[in-house]
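This briefing is meant for a reader who is meeting the structure for the first time. Please keep the sequence and the 3D view at hand while reading the points below.

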Amino acid sequence: MKKRSLTWLLISVMAISMFLAGCGSKSTSSTAKDDTKSGSKKDTLVYGRGGDSTSLDPITTTEGETFKVTINIFENLVNYGKQDTTLHPGLAKSWEVSPDGLTYTFHLRQGVKFQDGTDFNADAVVFNFNRWMNGDEKQFPYYTMFGGFKKDPGHVIKEVKAVDQNTVQFILKRPMAPFLKNLAMSPFGIASPSAVKKWGDKFREHPVGTGPFKFVEWKQNDRIVLEKNPDYWQKGLPKLNKIIFRVIPENTARLNALANGEIDVMDGLNPSDEATVKANKNLQIIKRPSMNVGYLGFTVTRKPFDNKLVRQALSYAIDKKAIIKAFYGGQAIPAKNPMPPSIEGYNDAVQDYPYDLEKAKQLLAQAGYPNGFSMDLWAMPVARPYMPEGMKIAEVIQEDLSKIGVKAKIQSVDWATYLQKATKGDFDAYMLGWTGDNGDPDNFLYALLDKDSIGSNNYSRYDNPQVHDLLIKAQQEADQTKRNDLYKQAQQIIHDDAPWVPLVHSTPLLAASKDVVNYVPHPTGSEVLSEVEFK
Amino acid sequence: MAELVKNTVEIPTLQTEEKTISPWKEAWQSFYKNRLALAGLIIVVFFIILAIIAPLAAPYSYDGQTLTDRLQPPSSKHWFGTDDFGRDIFSRVVYGARISLWVGFFSVLGSVIAGTLLGIIAGYYGRWVDTIISRVFDVMLAFPSILLAIAVVAILGPSLQNALIAIAVINIPNFGRLIRSRVLSVKQEEYIMAARAIGMKDSRILLHHILPNSISPVIVQATLAIASAIIEAAGLGFLGLGAQPPTPEWGKMLADSKQYLVQAPWTLFFPGIAIALTVLGFNLMGDGLRDVLDPKMKQ
């Protein structure tokens with residue numbers, strides 16, 4: 001009898017403690033909010049995001065979480081517009097292009113200093129470009145935007161020279177249409193030569209640039225702290241005193257942290273949580289202009305995906321509209337090309353493969369797989385702006401494919417390994433995506449599907465010489481209408497070859513506390529936070 | 001001579017067996033009187049039946065997605081509502097019973113067999129065999145069990161099958177130790193010495209005399225272990241290391257739905273309740289069994 005009453009006592013204690021725990025979290029959250037309100041005007045912004053930066057020297061990586069931070073530390077010769085990829089003066093206040101398109105002359109802004117006190121001048125620009133072009137793919141992967149490295153025949157830049165203290169000249173071997181747009185990409189932020197010499201390989205942990213914020217500390221997988229650069233050349237900026245980038249991997253946990261006032265801004269909001277944010281009067285939604293593509297890729301060197309009919313069959317079997325409705329909350333449009341419609345040269349004449357299971361089965365049978373086959377379907381383990389819930393979308397695709405007899409086994413591994421395996425072509429089929437860096441079709445089609453990009457971003461190992469010719473021709477073509485035409489042809493061929501099933505172009509969602517103002521999200525996925533402030 | 005000895009030994013065992021039938025009956029009667037234990041038994045039997053008749057009980061298939069009907073609250077059409085793929089949660093919970101019970105029974109069966117074997121060997125032969133086996137058990141018990149399970153799954157790769165193996169492995173030392181300690185005391189009994197004195201083989205002594213006299217605590221422990229195995233399987237599923245989609249494993253269902261906690265609580269509530277109920281059932285039943293089978297608890 002004694003034992004039984006003890007049991008009941010324990011059960012009731014447990015039940016009560018569960019209720020108390022539930023109440024507890026609510027009460028602490030409200031006190032946390034009171035604290036932040038009672039203080040004077042806030043000047044520290046805490047930015048919550050899903051993953052850590054891999055490096056703080058932006059040229060050493062191609063990964064977006066790095067650029068989110070470094071765009072605030074480093075500046076480029078030319079800048080993008082506030083919410084588009086038009087070109088604006090940056091560290092160069094003006095520039096001239098020779099009529100043959102081979103010489104670019106930049107007039108630099110005067111009186112700009114690096115955060116370590118040294119002067120920014122023409123020599124610093126030359127130093128940076130010489131450092132990059134003498135490296136290799138492993139060291140500076142993004143420098144391939146200029147056609148390889150100094151040792152490669154395809155390298156576009158013949159010479160970078162300082163005409164005088166404030167004038168820099170780039171001499172090219174062949175015209176390159178997206179040259180200026182490339183210069184504005186985050187990886188090509190100008191670093192302090194003295195700091196690069198001082199830190200050597202460790203520069204990736206001790207970045208020094210000319211930007212509005214300077215680096216303070218980096219605790220891996222936890223936080224990166226930046227603080228105001230008091231000597232910033234634009235007077236009155238930045239408005240914030242400090243930015244803390246915090247890593248909170250789980251989307252829902254990050255939203256909870258935002259609701260509790262632990263962070264002020266978060267990216268990677270689940271579209272399904274949009275309503276929750278809207279219902280909370282302390283929070284606001286910020287929509288990032290769309291410039292991305294989320295896709296299902298096939299490794300075309302692996303059986304049975306080396307067969308075009310199989311790839312087309314699978315393209316017919318996937319119901320993109322249902323995916324968008326369920327997992328993007330309508331904040332996306334179905335994709336039919338590898339690049340988004342907001343970019344010039346988009347081929348709207350391409351007819352997407354409709355959702356048609358009969359046609360899919362018929363094509364499979366024609367390809368010699370009347371009863372389907374088994375495959376591995378790899379899904380990324382992390383939320384990406386183009387695909388906030390990759391695993392779930394993989395489950396929908398799995399179900400879609402099962403209807404035509406294709407048995408997909410969903411696999412996943414950590415993000416770094418995932419990209420490595422993708423690069424090596426280890427996947428049958430995989431989910432991935434891309435956010436544009438410079439708003440040029442070259443940055444999608446050439447970067448993702450040209451044979452030159454096999455081993456970097458062409459994970460499908462798609463190799464079509466016809467497409468390659470078109471893309472190289474387009475790079476060298478100065479006339480924008482003719483360029484667009486070449487890209488449109490390439491898109492049609494890619495569509496017929498179907499190395500990917502382009503799934504969506506999404507509008508990534510951010511959420512912020514209501515008192516954050518002037519947060520202007522950029523389509524490239526990273527933005528300078530110098531004008532952000534609190535109400 | 002041997003025949004004669006055998007006869008003289010067997011007659012008394014027959015007699016004792018006749019007597020031991022009534023203790024079993026008695027045990028059942030006292031189990032029957034223990035209302036909590038009976039409730040546990042009923043819950044367990046209920047879930048077993050549910051698992052067997054799953055295809056009949058479930059109104060929908062467990063993997064049929066209807067994306068237009070996602071996150072519907074419970075209604076007459078979908079008793080437990082639908083999840084984020086528009087799948088019927090009731091059907092998934094029903095099929096999930098199959099998986100959880102299957103993992104529970106077979107992982108425990110595996111650890112009982114392996115644990116008993118190792119425990120008997122360690123306890124009976126002693127010396128260095130005992131030292132090695134016992135130290136290995138100690139090492140395994142030094143790890144938090146879920147961590148060890150994660151390690152095993154990490155080596156084998158995530159799947160339901162491997163989760164089952166992992167759970168079986170981590171529970172081996174529990175049974176091994178239990179059996180070993182029983183064997184240590186049983187082997188001192190006079191009838192074992194007698195058996196040895198007449199030259200009976202070790203294997204016969206172990207299987208026919210020591211094992212039957214050491215097994216009753218294992219039965220109790222096994223019932224309780226099924227409960228913890230179900231929790232561990234759900235835990236591994238929750239971490240993405242157990243059942244893979246679209247398998248309707250309860251822990252996986254929880255993990256898949258955790259982001260809808262506020263928006264659609266029924267997606268978590270029902271699989272959660274299912275886990276809690278089965279575990280409670282096995283625990284109550286195990287406690288009841290202990291009460292009736294353990295001589296020490298009888299007084």
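How many residues does the contact take from chain A and from chain B? The model shown here is a predicted one, and in it the contact takes 14 residues from chain A and 13 residues from chain B.

**Where chain A touches chain B**

- On the side of chain A that touches chain B, at least two residues each are supplied by helix H6 (251–259), helix H9 (320–327) and helix H11 (390–402) of chain A.
- The helix that gives the most to this side of chain A is H11(A), with five residues.
- Sorted by class, the side of chain A that touches chain B has four nonpolar, six polar and four charged residues.

**Domains of chain A**

- Chain A is divided into domain 1 (41–55 + 211–289 + 509–534), domain 2 (74–194) and domain 3 (292–506).
- Between the C-alpha centres of domain 1 and domain 3 of chain A there are 31 Å, and 12 residues of domain 1 are in contact with 13 residues of domain 3.
- The side of domain 1 of chain A that touches domain 3 of chain A has, by class, three nonpolar, eight polar and one charged residues.

**A sheet in chain A**

- Seven strands of chain A form an open sheet with mixed pairing, in the order E8-E9-E10-E1-E11-E19-E12.
- Strand E8 (213–219) and strand E12 (283–287) of chain A are the edge strands, each of them pairing on one side only, and the twist from one strand to the next averages 20 degrees.
- Within chain A, strand E9 (residues 223–228) and strand E10 (residues 242–247) run antiparallel and are joined by five bridges; Glu227(A) has Lys242(A) in E10(A) as its bridge partner.

**A helix pair in chain B**

- In chain B, the axes of helix H4 (residues 89–125) and helix H12 (residues 266–293) come within 10 Å and cross at roughly 30 degrees.
- Because angles under 35 degrees count as roughly parallel, H4(B) is roughly parallel to H12(B), and the crossing of these two helices is right-handed.
- The residues making the contact include Ile89(B), Val93(B) and Gly96(B) from H4(B), and Trp266(B), Phe270(B) and Pro271(B) from H12(B).
- By class, the contact of H4(B) with H12(B) has seven nonpolar and four polar residues, and no charged residues.

Methods. Residues are numbered from 1 along each chain as its sequence is written. Chains are lettered from A and ligands numbered from 1 in the order in which they are written. This is a predicted model: local features need pLDDT of at least 70, side-chain atom pairs count only at pLDDT 80 or more; totals for chains, interfaces and linings use all residues. Two strands pair if DSSP finds at least two bridges between them. Helices (H or I, at least four residues) and strands (E, at least two) are DSSP runs, numbered from the N terminus. Axes are lines fitted to C-alpha atoms, for helices over the stretch in contact, and angles run from 0 to 180 degrees between N-to-C directions. Angles under 35 degrees count as roughly parallel, over 145 as roughly antiparallel, 65 to 115 as roughly perpendicular and the rest as oblique. A crossing is left-handed if the near helix is turned anticlockwise from the far one by less than a right angle, and right-handed if clockwise. Two residues are in contact if their C-beta atoms, placed from the backbone, lie within 7 Å. Ala, Val, Leu, Ile, Met, Phe, Trp, Tyr, Cys and Pro count as nonpolar, Asp, Glu, Lys and Arg as charged, and the others, Gly among them, as polar. Domain bounds come from an automatic or database domain assignment.
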